[in-house]
Amino acid sequence: MNDEETLQIALTVNGERVTRTVTVRQHLVDFLRNELGLTGSHLGCEHGICGACSVRVDGAVVRGCLMLAVQADGSEVITIEGLSDSGEIADLQERFVERNAMQCGYCTPGMLLTAAELLAKGKPATREEIRTFLSGNFCRCTGYHAIVDAVESTLNRRIGGAGR
Amino acid sequence: MSDKTTLTPLDRPNSYVGRTLSRTSAKRAVAGRGHYTDDVILPRMVHSAFVRSPYAHARIGSIDVAAAKRAPGVVLAMTGAELKDMCAMSWHGVLACFEGMKAAHQYPMAVDRACWQGEPVVMVVADTRARAEDACELVAIEWEELPVVAEKTTALDPATPAIHPELGDNLAFRKTIERGDVDAAFRAADFVIEETFEFGRHTAVTLEPRALVAEYDRGTERLTITTSSQVPHMIMTVFARTLGLPEHNVRVIAPDVGGAFGMKIHSYGDELATTAAAIKLGRPVKFIADRLESFVTDIHAREHRITGKMAVSRTGEIQALEIDDLSAAGAYSQYPRTSVFEANQVLTITGGPYKHQNYRGRTTVVYLNKVPTSQYRAVGHPIGISVAEHLIDRAAELAGIDPVDIRRMNVMEDDSYPRLTSTGLKAQDMSHQACIEKLMKAMDYGALRAEQESLRRKGIWRGIGLATFIKGTAPGPHGFYGLGGAPIASQDACVIRLEPSGGIICAVGVTDQGQGVDTVMGQIAATALGVPPDQVRVIEGDTDATPYGGGTYASRATAIGGEATYQAARALRSEILRLAGALLQADPSTLDIVDGKVVDAANGTFRISLAEIGRIGHFQVAELPDDVQPVLSATRRFRLLEKPYIFTNGIHGAHVEVDVDTGFIRHLRHWVVEDCGRVVNPLLADEQVRGGCVQGLGGALYEHCVYDDTAQLQNGTLADYLVPMAAEMPDIAVDHVQTPTQETELGAKGVGESGTGAAPAVLMCAVNDALRPFGARVTRQPMTPEIILTALGKI
């Protein structure tokens, strides 16, 4: 197969219709970053471990480095930029800032995408459950404690103080 | 804790020092609007990729790049020999302060011989990274494999070939420290404890890999490098000298840096090669290390085998300590900081908290055909602290006293400073006793011990660990780099100015990698000046815009850069009051600056705003008397005068549970009480400690660069090299004792590494405490289930 072979794809990214011709080997995050300028999704390992590239595809958080751009044809993709602009996680972002739940910020978009999925369940979670849920996202700076605090306090506020 | 009786600006009610402020860049980071090196996209930009040595040691025969050059999108293919021709100097990683040290000269890419698996050999530049990688596959190299030196314990055997024949053997460095009468103390001791420890090689694994974009303007002969670095000025100097360019024509920008931890204070061959490509091509070239090449090119650290021996009296008094350390550098000594710092640190900090005065330390560093090692967060401390804390726990057991009591008995007393440590370093302003007592309360130590006892009866094996430490922070020019001859600044500087709007621009030589250095500098400047923090903008990470400084390494940003900022802001305050005095016809000493306004010092009455002084000073200068020339800015530099470091101290506590059937360790809870002097921003300081702990715990539990006997890395992916994730890590309680350093007016010491330094030690102590009823001991890190089960005799 020719790696440089191209295909046209049409998808929705952060609510905008996008049509592009892409090389078949390009993964989704390279597409988002290089073709669309959405640099909030980061690459940490490009083999599906670190979670820095997490994006939402058709409602589910996926590893953007393990999905080809052509596989996203017809999909609805939400990146940190879209998630942020929509206001869906404004409370979580506020807690992250207040609690200093990020240092270098490189893991943060992926961490927020994953945490948003937990928050969207709307169910109480213990710190251990939060830690387990976030365990596919590598953070080298914080030691996780502050991130767990920020997610926990957002969750508790959303569900009205239950689960304290 | 301060002895100072006069009220300094730092203690005033409107001081921002000691207050938690959110980081200025945090809101941007959570919106995904951070700006990292890979986010830089420039017109006509091309991408480099590297053919790397597949062998740990091999001679390079012919190199055929013809097919690569013909591949789609390729604009350049360059061999190591061609790059050498562009270099004005080789890299020689020695420092004069390490007497007798030997190192081979190195070029940024291998020239006729590759000395480690991963060493760059050929660079290919193409219009996309993917195409550059495709073309790398087409490069044909004739390799002749050479004997590999993979094992440190036999590296100095006469039968082992020298990696670099010109050095005679594989010895990099050897040093001994001897104080007191060690042999007499051992002869007189009631107990002698001896143990050999192994520490696995590991690496930084910054989530953002190394990254660089270089652009060269042939018209102005300006080279601009954007790179994920802690030390932009050092990169400017080293790259300019290596490529034979005038330093003042080189600009280095460090934008947002996605993790660094000491790994990004070094110069790397692939980054220099990419810069050379930009010069050769006259167009921007980007290099982003992928994760696989990060594992075989980012500096490694911590490969040590060390024997420790402690002499102890029947009552538990330490009488002497002796260590003999053997560590493995890689194939070269990393330029310009060398690969022997870690060994030297182990030598000088092991047993550092304790007051005995009989000490002998020996260290030997050898070269292996592996990735070069060098400074990584808490250089040497995890090793030295683990050794001493393990030995003191064994001493407690033999003497029949509690681990906390033996530490209470042996630490240097809080009222005994200034003094020398057992290894002969000048120490002052430390607080071991206060830290221990604060930790005991935080842990509820007695209750934990009681619970441990009752759980043991139920077959639940929990352990409690303690680890006291000292940490060398903020090195001065008398220590290493300056005296050693390296182009690395140990001073740092701040240029601060008043703008026409009344805003303050504060440009600093220290840099931020997410710690909040910019926020902290802003807090210090605002406090020293008397303005709100949002009136101050801090600039860092750009050699064109900031004064020459060392950047951020060795926990120096707040201690050294913070003092420079404090002094510069105080000087600007004097300048503003001088101008205010001239305008108001008042004696400047009767005026003060509070909340961004000049007021009467006596009663706080408003006199003139900073904006008004800025406006007059810049635009309406005619309103000033002829003999008053506004300067409106100040520059100050700061360096340590005499001491090699500002030492910090503290103690960790850990509570673990060991599953004796599976060998798994559950880390239940972690505590730290440390003394970083004056805390500028409590939240940011605590988070430095927490993050540092987990980085140390990674090395203690999981992280290990595993090599086979041909020096091939066996686990160079994130799937195989394990790092700590959220589920395995505990909550970490952090507290401080604040003993300001007398070296500065600010009083801050370093805080970034005290978590990493002692966390491996406290974990090993806790695990051994859990295993004590089985008579089992673990002295290897990482403490994998296999190591635990082996210690228990189960496998």
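How many residues does the contact take from chain A and from chain B?

1. Basis of the note. This is a predicted model, in which local features need pLDDT of at least 70 and side-chain atom pairs count only at pLDDT 80 or more, while totals for chains, interfaces and linings use all residues. Residues are numbered from 1 along each chain as its sequence is written, and chains are lettered from A and ligands numbered from 1 in the order in which they are written.

2. The contact between the chains. Chain A contributes 44 residues and chain B contributes 46 residues, where two residues are in contact if their C-beta atoms, placed from the backbone, lie within 7 Å. On the side of chain A that touches chain B, at least two residues each come from α2 (80–86), α3, α4 (108–121), α5 (127–133) and α6 of chain A; helices (H or I, at least four residues) and strands (E, at least two) are DSSP runs, numbered from the N terminus. The most is given by α3(A), with four residues. By class, this side of chain A holds 19 nonpolar, 17 polar and eight charged residues, with Ala, Val, Leu, Ile, Met, Phe, Trp, Tyr, Cys and Pro counted as nonpolar, Asp, Glu, Lys and Arg as charged, and the others, Gly among them, as polar.

3. The two domains of chain A. The domain assignment divides chain A into domain 1 (6–83) and domain 2 (87–158), with bounds that come from an automatic or database domain assignment. The C-alpha centres of these two domains of chain A are 22 Å apart, and their contact takes 14 residues from domain 1 of chain A and 14 residues from domain 2 of chain A. On the domain 1 side of this contact, β3 (54–57) and α2 of chain A are the elements that give two or more residues, and β3(A) has the largest share, three residues. That side of domain 1 of chain A is made up of seven nonpolar, six polar and one charged residues.

4. Helices α3 and α6 of chain A. The axes of α3 (residues 90–99) and α6 (residues 145–158) of chain A come within 9 Å and cross at roughly 140°; axes are lines fitted to C-alpha atoms, for helices over the stretch in contact, and angles run from 0 to 180 degrees between N-to-C directions. The pair α3(A) and α6(A) is therefore oblique, given that angles under 35 degrees count as roughly parallel, over 145 as roughly antiparallel, 65 to 115 as roughly perpendicular and the rest as oblique. From α3(A) the contact uses A:Asp91, A:Leu92, A:Arg95, A:Phe96 and A:Arg99, and from α6(A) it uses A:Ala146, A:Asp149, A:Ala150, A:Ser153, A:Thr154 and A:Arg157. These residues of the contact of α3(A) with α6(A) comprise four nonpolar, two polar and five charged.

5. The four-stranded sheet of chain B. Strands β22-β30-β31-β32 of chain B, in that order, form an open sheet of four strands with mixed pairing; two strands pair if DSSP finds at least two bridges between them. At the edges stand β22 (461–473) and β32 (731–736) of chain B, each with a single partner strand, so one side of each is left without a neighbour in the sheet. The twist in this sheet averages 15° from one strand to the next. Between β22(B) and β30 (residues 646–658) of chain B the pairing is antiparallel over 13 bridges, and B:Leu466 is opposite B:Gly653 in β30(B). Helix α13 (residues 445–456) of chain B packs on the sheet, where it touches β22 and β30 of chain B, and its direction makes about 145° with that of β22(B).

6. The three-stranded sheet of chain B. A further open sheet, of three strands in the order β26-β27-β28 (chain B), has antiparallel pairing, and its edge strands are β26 (591–594) and β28 (606–609) of chain B. The twist here averages 30° from one strand to the next. Four bridges join β26(B) and β27 (residues 597–600) of chain B in the antiparallel sense, with B:Lys597 in β27(B) as the bridge partner of B:Val594. Helix α17 (residues 610–618) of chain B lies across β27 and β28 of chain B, running at about 50° to β28(B).

7. A hairpin in chain B. Strands β12 (residues 211–217) and β13 (residues 222–227) of chain B run antiparallel and are joined by six bridges. Four residues lie between β12(B) and β13(B) in this hairpin, and B:Glu221 in the turn has a positive phi of about 60°. In the parallel sense, β13(B) pairs with β14 (residues 250–253) of chain B over four bridges.
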